[in-house]
Amino acid sequence: MAKSEVILGDCMEYMRTLPDNAFDLAIVDPPYYTQDQMRHEMRGGYMRGKMGSKPCVDYHMELWHQDKPGKEYFDELRRVSRNQIIWGGNHFAAEIGADSMCWIVWDKERPATVTWSQAELAYTSFVKPAAVKLFRYKWNGAQQGPKGSVRETRIHPTQKPVALYEWILTNFAKPGDRILDTHLGSGSSRIAADKLGFDFVGIEIDPTYYEQEEARFREYLEQKAEQARQAEQPAPEPSEKPRQARKTRMPKRLPVSPGYERLKINIW
Ligand SMILES: C[S@@+](CC[C@H](N)C(=O)[O-])C[C@H]1O[C@@H](n2cnc3c(N)ncnc32)[C@H](O)[C@@H]1O
């Protein structure tokens, strides 16, 4: 079973305790607004517009008070991990200070009329034959993923889908890799890592998000255990009376319209 650990605290402090290359892959999603940019957006009412009529203060303002990390964070991230995938990499060009041979685009399949971004970009340290990899997954309010997908409960304002992290791990991680997420948020990356059997460490600085993520992960584990129990249920005894086949009602034949008859004749 894969190991999964979450630390409530500052990722910089945690990373300072690590030896070089402690992780194989870091998949991170740091806040990319400076407080000045945030205040500017708030003054313009932009954030209020994004949140609908609800004032943003109700919507976990702590996140918007966190400053974007500087170069020191990215240097430390590179020291403790062999490879990095950095969401919002386009906002950190100066701090990352390196070209990428492979960007990731997540197309959220949102109409052009929405205020929120239609896609997100991630920097990767990988060299892949295709310089840009595209993942298409609808993420637009209540609309999530392809038709018939199971809806995820949203517990965090910048929550990413578990399916996105599953896709990343499938395409960029090797079996046995240790995964780090320095900015855990809702814990989608943690669930994806567990599903695919990767050892994982996540850090979250905000106690409210931490509690909510822990509750979400517990719920996920309970569902996983329940599914395993159901899969282990013995098959029904052969002596058991076979269920009577349900009578299927044949639909009444609709009267064939003269037009249809004509059409058949024309075709043949
Ligand atoms: C953009 S959100 C991540 C969202 C996440 N990818 C998801 O799918 O839910 C950034 C998160 O990092 C946390 N954070 C900010 N600064 C941090 C730090 N220095 N150490 C650890 N966590 C931090 C914030 O509280 C927030 O929950």
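The pLDDT is the predictor's confidence in each residue, on a scale from 0 to 100. The structure is a predicted model, and the mean pLDDT of its protein chain is 84, with 76% of the residues reaching 70 or more.

**Confidence along the chain**
- Over residues 44–59 the pLDDT is below 50, and this stretch has 14 contacts in the model beyond near neighbours in sequence.
- Over residues 251–268 the pLDDT is likewise below 50, and here the model shows 1 contact beyond near neighbours in sequence.
- Where pLDDT is low, predicted coordinates should not be read in detail.

**Surroundings of the ligand**
- The ligand has 21 residues around it, and those that come nearest are D29, K160, H183, G185 and S186.

**Helix 8 and its packing**
- Helix 8, spanning residues 188–196, is mostly covered, since 7 of its 9 residues are buried; these are S188, S189, R190, I191, A192, A193 and D194.
- The buried residues of helix 8 pack against strand 1 (4–8), strand 2 (23–28), strand 9 (178–181) and strand 10 (199–204), and also against helix 7 (162–172) and helix 9 (207–232).
- Just after helix 8, G197 takes a positive phi of about 80°.

Methods. Residues are numbered from 1 along each chain as its sequence is written. This is a predicted model: local features need pLDDT of at least 70, side-chain atom pairs count only at pLDDT 80 or more; totals for chains, interfaces and linings use all residues. A residue is buried if 20 or more other C-beta atoms lie within 10 Å of its own, exposed if 12 or fewer, and partly exposed in between; C-beta atoms are placed from the backbone. Helices (H or I, at least four residues) and strands (E, at least two) are DSSP runs, numbered from the N terminus. Two residues are in contact if their C-beta atoms, placed from the backbone, lie within 7 Å. A residue is near a molecule or strand if its C-beta atom, placed from the backbone, lies within 6 Å of it.
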